[in-house]
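Subject: Structure handover

Hi,

Here is the structure I promised you. Please open it and keep it beside this email as you read.

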Amino acid sequence: MEFSAVVRRRRMVRNYDPDRPVPPEVLDRLLDHAVRAPSAGFSQGWGFLVLETARDRDRFWAVTSPAAAGPSDAAPDAATAGQSRWLTGMRRAPLIVVPHANRSAYLDRYAEPDKGWTDRDEARWPVPYWHVDTGFAALLMLLTAVDEGLGACFFGIPPERTGAYREEFGVPAEFTPIGALTVGYPAPDRRSPSLKRGRRPVDEVVHRGRWS
């Protein structure tokens with residue numbers, strides 16, 4: 001597929017065909033492309049947790065989803081109904097990849113002689129490049145999924161569930177999940193209502209020569 005077509009076709013897919021697993025060779029390409037993302041100082045301070053089996057995926061959803069509400073006579077509101085529909089579709093994905101960022105890998109790399117920041121002071125960094133670079137890797141997986149005829153969705157792990165996630169999957173303390181990706185063959189899906197906002201035109205967000 002032409003790269004421009006991949007970019008234009010990319011969207012967040014929230015419903016999947018549960019009977020079509022991601023072929024192993026496609027998963028290998030997703031991960032191979034992820035580790036080709038740029039990284040400051042070639043630090044490559046990322047790590048990826050791959051969940052393929054139904055048991056592992058169920059464990060993930062159990063520890064990262066908001067706790068089920070208790071019994072109530074009240075009808076669910078629109079937000080609750082939408083969350084339930086979202087979770088139902090996302091749980092059908094046959095593959096979950098969780099990208100993690102390792103701040104220490106960057107601080108250690110830039111303390112090496114060719115960089116010279118031996119104090120490992122985080123204040124030297126204008127932004128946390130460990131998160132930026134791992135985000136690049138996640139985007140490459142999203143684009144690769146489109147090129148392979150798959151769908152994917154990047155979403156966050158609620159902060160209050162991160163501890164449970166770490167414990168369940170043995171994630172080392174130095175690695176921080178920046179989000180997670182579901183991947184699979186798309187099934188009929190309801191378009192996000194956020195799309196009604198429309199895409200902002202280039203001329204509205206690009207400033208040439210001077211911010212105006």
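Thr64 is buried, with a relative accessible area of 5%. Buried means under 20% relative accessible area, exposed means over 50%, and partly exposed lies in between, using a 1.4 Å probe and protein chains only. Thr64 sits in helix H3, residues 54-64. Helices (H or I, at least four residues) and strands (E, at least two) are DSSP runs, numbered from the N terminus. The Thr64 side chain reaches the backbone oxygen of Phe60 at 2.8 Å. Beyond its neighbours within four places in sequence, Thr64 is in contact with Ile157, Pro158, Arg161 and Tyr165. Contact means heavy atoms within 4.5 Å.

Before going on, two notes on the source. This is a predicted model: local features need pLDDT of at least 70, side-chain atom pairs count only at pLDDT 80 or more, and totals for chains, interfaces and linings use all residues. Residues are numbered from 1 along each chain as its sequence is written, and side-chain values use heavy atoms, with hydrogens and water left out.

Now the whole chain. It has eight helices and five strands. Along the sequence they follow the pattern α-α-β-α-α-β-α-α-β-α-β-β-α. The C-alpha trace spans about 60 × 45 × 40 Å along its principal axes. Of the 212 residues, 35% are buried. Take the contacts with a separation of 6 or more: residues 24 or more positions apart account for 83% of them.

Next, the cores. A nonpolar core is a set of buried Ala, Val, Leu, Ile, Met, Phe, Trp, Tyr and Cys residues joined through side-chain atoms within 4.5 Å. The largest one has 19 residues, and Val22, Leu30, Leu95, Leu150 and Val183 touch the most other members. H2, strand E2 (95-102), H6 and strand E5 (180-184) each supply at least two residues of this core. H6 gives the largest share, five residues. A second, separate core has 18 residues, including Phe60, Val63, Cys153 and Tyr165.

Not counting residues up to four places away in sequence, Leu95 touches Val22, Leu27, Leu30, Val50, Leu51, Glu52, Arg57, Leu181, Thr182 and Val183.

How do H2 and H6 pack? Helix H2 (residues 24-34) and helix H6 (residues 129-147) meet at an angle of about 145°, with axes 8 Å apart. Axes are lines fitted to C-alpha atoms, for helices over the stretch in contact, and angles run from 0 to 180 degrees between N-to-C directions. On the H2 side, the contact is made by Arg29, Leu30, Leu31, His33 and Ala34. On the H6 side, Ala137, Leu140, Met141, Thr144 and Ala145 make it. By class, there are seven nonpolar, two polar and one charged residues. Here Ala, Val, Leu, Ile, Met, Phe, Trp, Tyr, Cys and Pro count as nonpolar, Asp, Glu, Lys and Arg as charged, and the others, Gly among them, as polar.

Last, two residues in a loop. Most residues other than glycine have a negative phi. Phe42 is not a glycine, yet its phi is positive, about 55°. Phe42 is in the loop between H2 and strand E1 (46-51). At 60% relative accessibility, Phe42 is exposed. Gln44 lies in the loop between H2 and E1. Gln44 is not a glycine, and it has a positive phi of about 55°. With a relative accessible area of 34%, Gln44 is partly exposed.

Best wishes

Technical notes:
Polar contact = N/O pair within 3.5 Å; in protein donor to acceptor, adjacent residues only side chain to side chain.
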